[in-house]
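Hello,

Here is the structure I promised to pass on to you. Have a look at it first, and my notes follow below.

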Amino acid sequence: MGVLEQYSLLLALAVGIAGTVFGVYGLARLMGPTRPEPGKDVPASAGVLSRDPVWGRYHARYYGYALLFLAFDMEMAFMYPWAVVYKEVGLVALLDMGVFLAILFLGLLYGWSQGALRRQ
Amino acid sequence: MTVAIVLLTLFGSAWLLAVIEGWTVTGRLQPAAPLLSGLAHLGRESIVPRSPDRVFFEAAPVLLLVVAVLGAAVLPLAPDLVIADLGTGALFINAALAYVLVALIMAGWGPNGAYAMIGGWRFLGQLIAYSMLIVMPITAVAMRAESLVNTAIVGSQADLWNIVYQPLGFVLFYIAAMALAFRSPFDLPTAEGELAGGVDAEYTGVRLAVLRLARLTLVVTLAAATTVFYLGGWHGPLLPPWAWSLIKTLAVAVSMLLAGGYLPRIREADLMRWCWTLGIPLALLNIVIVGLLILVVP
Amino acid sequence: MTSDPTMTLLGARHQKRPSALKKLVSRVMARNLSCLIVPGPEVALAHGLDVTAAGMRIAATPRDAGVLLIIGELSQKMDEVVAVLYAQMPRPRATLVLGGPAPSSLPHPDVSAGLSQEELTEAVGRVQRAMAEGAFAASPEDFDASVLHVRIEYVCPMHPEVVQDEPGSCPKCGMDLVAHEAGEDEGATEEASGHHGHDHEHHHDHEQQHDGSDGHSEDEHSGHEHDHGASGFMSMIEVTKDLSRSADGLQMDWLEVPFGPVFPGLPGGLKLTFTLDGDGVTGGQATSLAGMTTEGEDFEEVDAGTFIDHLASAMPLAPVSYRLLACLAIEQAAGLNDDPATTQARNAALERERIASHLGWLAQVGRQLGFAWLTHRASTLQLQFRDANRNRFVELEPALRALGTRLGRTPLLKARLKGIGVLSTESSDLRGPVARAANEGGDAWARLWQRLAEISASFDLIKGAGEPELPSLRDIGGVSGTGEATVDTPRGEANLRLKLARGHVKSYKLDTACSHHIGLVEKLVEGRELGDALVAVGSLDLSPWEVIP
C-alpha cells in the first residue's frame, strides 16, 4: 500500500470510530432525553452545590520541568532519523549524537542545580 | 478484512481485560459482565454540566477512543496482519498517544468543574514526566531495528527479544506506559481518593461507557506496543504468530492492571522528580548502551 | 411491600412508549447497581454491613451511582446534603434507607429496611425489582428542594458590592452588570468565596483572600485603579493587580472547592473546604455536619439506660467506647464499685472495637491512596473482627500480622506518607494515636504505624482478658449524684461528666478527642499540595459525630 493509501485508511478508521460512537449516542437517545431538574447540572462536588465556574488562571507547578521538556522534545525529534541510520553510519553517529546528548544533559544538570526540577 | 480482524482482536482483548478486572475485584469470572455493564450505562441519563465547553466535553471520550484505535492500527499482530504498516510506525504511535493528553485536558476543561479541571492539568504534569520515558526507549529500539517500521522492529527481534537486549529500556517504557494510560499507581487525573473521579467525574450514561471503553482499549494498545517493541511481537514456537501476539499483549495488559491494585498512588511531586532526575538520565544511558552494543556485537 | 406486583421508583426515567429495548435495559440496570453510601462506606462497615456482598458496587460520586444508600439517622444539615446528592444522580435513581427515618428532604424512600446484613440483602433485592420494573415510568416527578434553588443576581465585575436583581448598568462605573448565580442558603462559603467565574476575559472580578469582612473595602479601592479604556482591554499588570501572590510569586486565580461531606476517602459528614491555588492548598476549613445537635442546654432528663443508648447510637463509628464511657460515668455517679469480671469483659470489648476502628481507618486510607488491596483486606478483616469472640480472634491472628508485614513491604507507601501532615509534640490538643505518634515524628507514616501497633497491643490484651462483652449498665436504682469517667476511645481520650437525679441523667458534658483534632486541620493543610493535604486530614482519623460543637 502506498503511503497516501495508508493514511487515508487511518483517517477513515478514525472517522468510522467517531461515527460509530455518535451512533451509539443516538441509540442512547432512544431511551429518552435527560430530564432537566434543579441542581442536576451542577458539577458534583461532594454534596455541596458549587455553581461558580472554575475556568481561570490555573497555577501549574511544573513549569520548571516543562521548559526542560521543550528542549528534550526538540532533541527527540532529531533522534528519530538518527536512530534509523545509526548502524549504517557507525561510531561517528554515536560520537555526534553523544556530544548533542551530553550538552543537553549538562543543561538538565544546570536546571537541576538551579531548582527547576521541583514542585514550584 | 484485515481492518475487521484487527479491530475485533482489539476490542475482544479490551473485553477480556474487563472480564479479568472483574474477576480480580469480585472473584467470579463473568464473561457477560462488561457488555451488560455497558448496556446498563446506556440506560442512564447523560447529564451535561452547566455552562460547559460543549465541544471539549463531547470530544474528549471520542478522541480517547479514536487515539487508542489509531495506535493499535499501526501495530502488527502477525507479519501480514496490520491495518497500516506505516514507514514511520513507531513515531506514529507516539504521535497518536500524545492526543491522550489532548483528550484528558478537554475532559478536564469541558465540564467546568473543579475536580475535573484539576485532574486535567495534573495529567499535563504527568505527561511532562513520562513523555521522554516513552520516546527515548523507542529510539533505542529503532536503533537496533534500523527502521521505524513496526514489522521491521519485530523482525529485528527474531533471535533475541529486546527485553533481554535492552532491559533498562523495557522497564522505563513499561512504567511510562502505565503513566500514559493513567492506571494506578499513576492515576492522578482520575484519582478517586483525591479528586472523586477527577476527569471521569462529570461523565454519566453513554459518554461514561465510551470513556471506560476507551481507557481499556488504551491499555490494550499500550500492551500491544510493549509487545511489539520489547517482547518480540509474534515470535514464538508452535503457535501461529497472531496467537503469540495476543498472549503477550494480554499478559502485559493484565500485569499493568494488577500492579495498580497493590500499590498506592504516587505523589505528583515524586513522579515528576523521579522521572526527571532518575528516569531521563537512565533513558539516555540506555541509548548509549544500546548504541555501543549495536556497534560491538555483530 | 414485597407482595406488590408493580414496584415504582421515585427517580424513574420518563418513557413515552414502552419498548422491548427499554425493558431489557431496565433489567440489565437492575443487575448492575452502584450505590453512593451516605454518610460514607466506613459507617456501613462500622455497622457490620457488607454492601458489595449484598450485590451493589460502591460508587465514589453521585454521577456514578444508581442507588443512594442512607445509613442511620442523619442530622438536619446532612439532610440537605442528601438532597443535593440525590439531585445530582442521573435517572433512574433509587433511595434505600437503612436503620433510621428517611431524610426530610427526600419525598419518601423507595425501599427502607433495618440495619442488618440480611435486611440489607433483602432490601437490595427489592431495589433490584423496583429498578427492573420501574426504571422507566410514564410520568415521573421532578425532584426539587429548597437547597437547590438558584437566584440570578446581577453584579458589576469591578464592584462586587453592587448587586441588583435585574440586568442594567453599574451606578458607579457604568459597566454592564453580569449575571451571577447565587444559591438561596449562602452561608459561610459564599461570604468567604474568593473568586467568581470569568465570563469574558477582559472583565475580571478580583476579590482578595482576606476574611470576608475587609474584602469589600479593598476591592472598592482597587476598582478605581483599573483603566478600561474604550474597548475594555486591560493589560496583564492590571488584570493581575489584585490577585494574591502564591509562594513562588505568581498571581493566579484561587478557587474555593468543597471536599465536603461525602467525599471518597474522607470521613463522611466532615465538611472540608479548601481554597486552592492551582493544586496547592492555601487555606482550609473543616466543620462537622454530622455532630450531635443537643449539647447540654435543651437536653431533657432521660432515664440512664436511654441515655446510654442515645449516646452509643449518636457515635456510629465507636458505639462500644461511648457506651462504656456512659456506663462508667453513671456507675461512678451511683457510687458503684468496680467489679473485676465486668471490667475485664468491658475492656476486651473496648479493645475489640479499637481493632475494628483502626481497620476501618485503614480501609479509608486505602480508598484515599488508591490502594485497592488495602481497602479490600481491611474491610474484610473489620467485618470479621467486629463481633468476633475469643476463639475467632485466635483464628484471625495470622491475617492481622500478615496485614502489618505486607504494609511494611509496600513500595511507594512510605514515600506517600512520610513527612505528610506533621504534628509535633508542641501542638497542643493532641490525643490518642495522634499524640502517641507525635513522639515518633508526628507525620502520617508515624500515625499509620502507631495505629498498627495499637492493633497488635489490643490483640494481646484481648487474648489475656476474657470473652468480650458489650458494656451494659449494672443496677443502680434511683440514686443521685455526679459522675465523671474517661475512656481511651480509638481516636483519643473522651471525658464525660454527668449529673444523676433519681436514676435519670439531668445534664452532661462530653469532651472528645475529635473536637480538638478538627481545629488542627487548618494549620495542617496550609501550603500543601492537594493530595498531601487530603492524606494529612485523613490520617487524623476524625469522626464527625464525635465533634462536639
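**Between chain B and chain A**

Two salt bridges are counted between chain B and chain A, a salt bridge being a side-chain nitrogen of Lys or Arg within 4 Å of a carboxyl oxygen of Asp or Glu. One of them joins the side chains of B:Glu45 and A:Lys40, at 2.4 Å from N to O.

Before going on: this is a predicted model, where local features need pLDDT of at least 70, side-chain atom pairs count only at pLDDT 80 or more, and totals for chains, interfaces and linings use all residues. Residues are numbered from 1 along each chain as written, chains are lettered from A and ligands numbered from 1 in written order, and side-chain values use heavy atoms, without hydrogens and water.

In chain B, 75 residues are in contact with 60 residues of chain A (heavy atoms within 4.5 Å). The two chains bury about 5800 Å² between them, 76% of it on carbon and sulfur atoms (accessible area lost on being put together, 1.4 Å probe, summed over both).

**Inside chain C**

Buried means under 20% relative accessible area (1.4 Å probe, protein chains only). C:Ser34, C:Leu36 and C:Val38 point one way, C:Cys35 and C:Ile37 the other.

E2(C) runs parallel to E4(C) (residues 67–71), joined by four bridges, and C:Cys35 stands opposite C:Val67 there.

Best wishes

Technical notes: Buried < 20%, exposed > 50% of the residue type's maximum accessible area, 1.4 Å probe, protein only. Helix = DSSP H or I, 4+ residues; strand = E, 2+ residues; numbered from the N terminus. Pairing = 2+ DSSP bridges.
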